[in-house]
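Here are my notes on this model, point by point. Please keep the structure open as you read.

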Amino acid sequence: MGKTKAIITGIGGYLPDYILDNEELSRMVDTNDEWIMARVGIKERRILKEEGIGTSYMARKAAKELLDKTGVDPDSIDALIVATTTADYRFPSTASVVLGKLGLRNAFAFDLSAACCGFLYAFDMVAKMIESGTYKKVLLIGAEKMSSMTDYKDRATCPLFGDGAAAVLVEATEEEGIGYTDSYFRTDGKGLPYLHMKAGGSVSPASHFTVDHRLHYIYQEGRTVFRFAVTNMSEDCEIIAKRNGLDKNNIAYVVPHQANMRIIEAVGKRLELPEEKVLVNIEHVGNTSAASIPLALWEHEKKLKKGDNIILTAFGAGFVHGASYLKWAYDGADKAMK
């Protein structure tokens, strides 16, 4: 009997219909297409505009597409995990809402919050759950309604963020030559002052003062975050590559968190990878935080081939960062939605 490993066996995704492009954004705040493209490389982003629905709506849509594509029996799923920073409610978990809407009868559910690293960290945890032998099928979703905490009067941050969700089915296999292989994660807890939301938590609960002073939006010191993101994501990828015998010749793809096109380009150059080996969708999706890596996999699924060496990497608030290595488990062209 071979060693049990975790593999992704399918991907589903969802993007809201409404497109907020740079032209419209320039009528909302003092900015323009040239300024945005030069600094972050984002042309448009999707926004969930409908009232009364949130992150769980997009997560459910992505999961439903995944279930339809794979044909998996919902009752065979052991657990459902949602990686998000924009939960529907303080409680209950967004995952529990999604589970209820999907009608999963034999699974438990919870959220994981690690900012833009949420999907990456959750995937590692799911892999360990699978490797333990206790769980066989886990539904992992990265979902964010970033527009819910974006200040559209702040020209420095509002061009960055979009909404969306993507789901992966993670299953057990004993087949050699495929599966989740290695990870390297770190946290620099000194990152708090540079990227956070000032109010809404237990330190500063919502009040008239916090609302009036617009403290319930993303606050970011861009230059500092940029510098740390480039350094950490690049170094994390190099560590993973070195200890697994990977280089520019045998890495099929790197899938970076879609934070900023300049950051993505810097990571690719550090690894000496050609542009086509760095999977990107930021120009038309924006930064979707914990949803960005699975959304990039979803969009580029047709390119992925069984046995491909793939590195995932991310950096986020709290200055959480890391990289993971997996050998892809199927030919994406056979499963991608037509």
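**Notes on the sheet, its helices and a pocket**

1. Helix H5, residues 118–131, lies across S1, S4, S5, S6 and S7. Helix H5 runs at about 170° to S6. Bear in mind that this is a predicted model.

2. Now the sheet itself. The sheet is open and has 5 strands, in the order S1-S7-S6-S4-S5. The pairing is mixed. Strand S1 (5–14) and strand S5 (108–112) stand at the edges. Each of these two has a single partner strand, so one side of each is left without a neighbour in the sheet. From one strand to the next, the twist averages 20°.

3. Strands of a sheet pair through backbone hydrogen bonds, either parallel or antiparallel. Which sense applies to S4 and S6? Strand S4 (residues 79–83) pairs with strand S6 (residues 137–145) in the parallel sense, over 5 bridges.

4. Last, the second largest pocket. About 220 Å³ of space lies in this pocket. Which residues line the second largest pocket? They are Met261, Ile264, Glu265, Gly268, Lys269, Leu273, Pro274, Glu275, Val278 and Val280. By class, the lining has 6 nonpolar, 1 polar and 3 charged residues.

Conventions
Residues are numbered from 1 along each chain as its sequence is written. This is a predicted model: local features need pLDDT of at least 70, side-chain atom pairs count only at pLDDT 80 or more; totals for chains, interfaces and linings use all residues. Side-chain values use heavy atoms; hydrogens and water are left out. On a 1 Å grid over the protein atoms alone, a cavity is a set of points where a 1.4 Å probe fits but cannot get out, and a pocket is an open set with protein on both sides within 12 Å along at least five of seven lines; lining residues have an atom within 4 Å of a point. Grid points are joined across faces, edges and corners, and a volume is the space filled by probe spheres set on the points. Ala, Val, Leu, Ile, Met, Phe, Trp, Tyr, Cys and Pro count as nonpolar, Asp, Glu, Lys and Arg as charged, and the others, Gly among them, as polar. Two strands pair if DSSP finds at least two bridges between them. Helices (H or I, at least four residues) and strands (E, at least two) are DSSP runs, numbered from the N terminus. Axes are lines fitted to C-alpha atoms, for helices over the stretch in contact, and angles run from 0 to 180 degrees between N-to-C directions. Contact means heavy atoms within 4.5 Å.
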